[in-house]
Amino acid sequence: PLDRKSAATQAGLSERQRKTALRVASVDSGEFESAVDSDNPPTVTALAERGKLVDLDGNQNSLDMLGW
């Protein structure tokens, strides 16, 4: 089976596009639906920011730290 990085590469995504897609995909589905269906939906960049990992100290981390 392909890992996410390999699948994104085979799909022709750049590294930045891959990271953005994974971050958007990690947003809670309820939060995502509410945001997208709102009168002022967020940009993809804003959604990606919501999908960044936050550690127990409140620090945002990149998915790259997990090898994604």
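User: What share of the 68 residues in the protein chain is buried?
Analyst: The model is predicted. Buried residues make up 16% of its 68 residues.

User: Why is R18 called buried?
Analyst: The cut-off is under 20% relative accessible area. R18 has 4%. That value is under the cut-off, so R18 counts as buried.

User: What makes E15 partly exposed?
Analyst: Partly exposed lies between the buried limit of 20% and the exposed limit of 50%. E15 has 47% relative accessibility. The value falls in between, so E15 is partly exposed.

User: How do you know that R18 and E15 form a salt bridge?
Analyst: The side-chain nitrogen must be within 4 Å of a carboxyl oxygen. For R18 and E15, N to O is 3.9 Å. The pair therefore meets the criterion. Both residues lie in helix α2, residues 15–25, and they sit 3 residues apart, about one turn of the helix.

User: Which residues are linked with R18 in a network of salt bridges?
Analyst: E15 and K19 join R18 in that network. The structure holds 4 salt bridges.

User: Why does the pair R50 and E31 count as a salt bridge?
Analyst: The limit is 4 Å. The closest N and O atoms of R50 and E31 are 3.6 Å apart. That is within the limit, so the label applies. This pair links distant parts of the chain: R50 belongs to helix α4 (residues 44–50), E31 to helix α3 (residues 29–36), and 19 residues separate them.

User: Are R50 and E31 buried, partly exposed or exposed?
Analyst: R50 has a relative accessible area of 41%. E31 has 36%. Both values lie between 20% and 50%, so both residues are partly exposed.

User: What makes K52 and E49 a salt bridge?
Analyst: Their side chains meet at 3.1 Å, N to O. The limit is 4 Å, so the pair qualifies. Side chains of opposite charge can pair when their charged atoms come close.

User: Why is K52 called partly exposed?
Analyst: Its relative accessible area is 22%. Buried requires under 20%, so K52 is not buried. Exposed requires over 50%, so K52 is partly exposed. E49, at 39%, is also partly exposed.

User: What lines the largest pocket?
Analyst: The lining consists of R16, K19, T20, R23, T45, A48 and E49. The elements giving two or more residues to it are α2 and α4. Helix α2 gives the most, with 4 residues. The space in this pocket is about 170 Å³.

User: How do the residues of that lining divide into nonpolar, polar and charged?
Analyst: The lining has 1 nonpolar, 2 polar and 4 charged residues. Ala counts as nonpolar, so A48 belongs to the nonpolar class. Lys, Arg and Glu count as charged, so R16, K19, R23 and E49 belong there.

User: Which residues of α2 are buried, and what do they pack against?
Analyst: R18, L22, R23 and V24 are buried in α2. The buried residues of this helix pack against α1 (4–10), α3 and α4.

User: What pattern does the protein chain follow along its sequence?
Analyst: The order is α-α-α-α-β-β. That gives 4 helices and 2 strands. Among contacts with a separation of 6 or more, 40% join residues 24 or more positions apart.

User: How much of the accessible surface belongs to carbon and sulfur atoms?
Analyst: These atoms hold 50% of a surface of about 5000 Å².

Note on methods. Residues are numbered from 1 along each chain as its sequence is written. This is a predicted model: local features need pLDDT of at least 70, side-chain atom pairs count only at pLDDT 80 or more; totals for chains, interfaces and linings use all residues. Side-chain values use heavy atoms; hydrogens and water are left out. Buried means under 20% relative accessible area, exposed over 50%, partly exposed in between (1.4 Å probe, protein chains only). Contact means heavy atoms within 4.5 Å. Accessible areas come from the Shrake-Rupley method with a 1.4 Å probe; for residues, only the protein chains shown count as cover. On a 1 Å grid over the protein atoms alone, a cavity is a set of points where a 1.4 Å probe fits but cannot get out, and a pocket is an open set with protein on both sides within 12 Å along at least five of seven lines; lining residues have an atom within 4 Å of a point. Grid points are joined across faces, edges and corners, and a volume is the space filled by probe spheres set on the points.
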